[in-house]
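Subject: Structure handover

Hello,

Please find the structure below, for your files. My notes on what was found in it come after.

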Amino acid sequence: MLITFWGVRGSVPWATAASIGHGCNTPCVEIRDARRGARLLLDAGSGIVGVGRSLGVEASAIPILLTHYHWDHTQGLPFFDPFYRPGWTPAIWAPRLRDIDEAWVRTIFENPFYPVPYDQLPARPLIQLVDGGDISVGGFDIRTLPLNHPGGAFAYRVAGAGGDLVYATDHEFGDAAIDEALGAFASGARAVILDAHFTPAELPAHKGWGHSSWRQCAEFAAGHDIGHLWLFHHRPGRTDIEMGAIEAAARAVFERTSAAREGVSFEIGSRSQNTPSW
Ligand SMILES: [Zn+2]
Ligand SMILES: [Zn+2]
């Protein structure tokens, strides 16, 4: 599996010159399995726009698996190029969180939020609800886990021939039962992407916001059998200099840590665990 970060910021794609090195788009992670020609997108923040622009002209099926519906994970959806390419077959896999159904997903495209209603999209995406448990999306076998986040969010563990990827963003550590479940869920994964929105100093003033600190992520990784930790969902405006200091501090807790950067890819394959980007 080749994993590419297209958006790594939380909350809002606020671009500043001092933070552009890590990228300022909101979450979107692409997984490709070249062997099977399969592709999967995790979340549809503003980073998904870049994915749409990167695709060739040949029509293909592109599943988008959402973790939840906060703006930062859905705001790129209406601007995803394949929805406007007749013959393409995109799909939106949408978690059923509380009363969420297909109608809520269609609303993202509706007046007054957006000028092209869902029913008029040239390549209308199929909307599939995700109830939890084990799912198969675009040929990928995926396990799901509910996280601790306002309104709910799902973590995903994507199985690969050379090892698994865990994507667990938008999670607030502190609920013992959920944290324990996440530990079991992530153990043995080759790479884990975690919500490191805050610094430890910022955390007390943001209790209940649904996010965690880089230190909590690093301690979690150190306490479980995890190959590599990717700090993700960076706070908007956090500068590249600050991100460098966070990455260094996190590595003192768990050495195999990187701060996710837009445009960076890494591979989980049978050949080697280490890739140039690590
Ligand atoms: Zn978020
Ligand atoms: Zn959220």
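Asp170 is buried, with a relative accessible area of 1% (buried means under 20% relative accessible area, exposed over 50%, partly exposed in between, with a 1.4 Å probe and protein chains only). Asp170 sits in the loop between β10 (165-168) and α4 (176-186); helices (H or I, at least four residues) and strands (E, at least two) are DSSP runs, numbered from the N terminus. The phi of Asp170 is near 60°, a positive value in a residue other than glycine.

Before the rest, the ground rules. This is a predicted model, in which local features need pLDDT of at least 70 and side-chain atom pairs count only at pLDDT 80 or more, while totals for chains, interfaces and linings use all residues. Residues are numbered from 1 along each chain as its sequence is written, chains are lettered from A and ligands numbered from 1 in the order in which they are written, and side-chain values use heavy atoms, with hydrogens and water left out.

The zinc ions

Asp170 bridges the zinc ion (ligand 1) and the zinc ion (ligand 2), which lie 3.5 Å apart.

The protein donors of the zinc ion (ligand 1) are Asp72 (OD), His73 (NE2), Asp170 (OD) and His233 (NE2), at 2.1 to 2.3 Å from it. Donors here are N, O and S atoms within 2.8 Å of the metal (3.2 Å for Na, K and Ca); water is not among the atoms, so sites may look incomplete. Along the chain, these donors follow the spacing D-H-x96-D-x62-H. Asp72 and His73 are both buried. The arrangement is irregular because the four donor atoms around the zinc ion (ligand 1) subtend angles of 92 to 161°. Four donors count as tetrahedral if all angles lie between 85 and 135 degrees; four count as square planar and six as octahedral if opposite donors are over 155 degrees apart and all others between 65 and 115; anything else is irregular.

Distant parts of the chain are linked here: His68 is in the loop between β4 (63-65) and α2 (71-74), and His149, 81 residues apart from it, is in the loop between β8 (140-146) and β9 (154-158). His68 is buried at 1% relative accessible area, and His149 is buried at 7%.

The sheet

Seven strands form an open sheet with mixed pairing, in the order β7-β8-β9-β10-β11-β12-β13; two strands pair if DSSP finds at least two bridges between them. The edge strands, each pairing on one side only, are β7 (134-137) and β13 (257-259). β9 and β10 run antiparallel and are joined by three bridges. Val158 stands opposite Leu165 in β10.

Backbone details

The peptide bond from Asn111 to Pro112 is cis, with omega near 5°. Pro112 lies in the loop between α3 (102-107) and β6 (126-130). Ser11 is not a glycine, but has a positive phi of about 70°. Ser11 is in the loop between β1 (2-7) and β2 (28-33), and is partly exposed at 35% relative accessibility.

Regards
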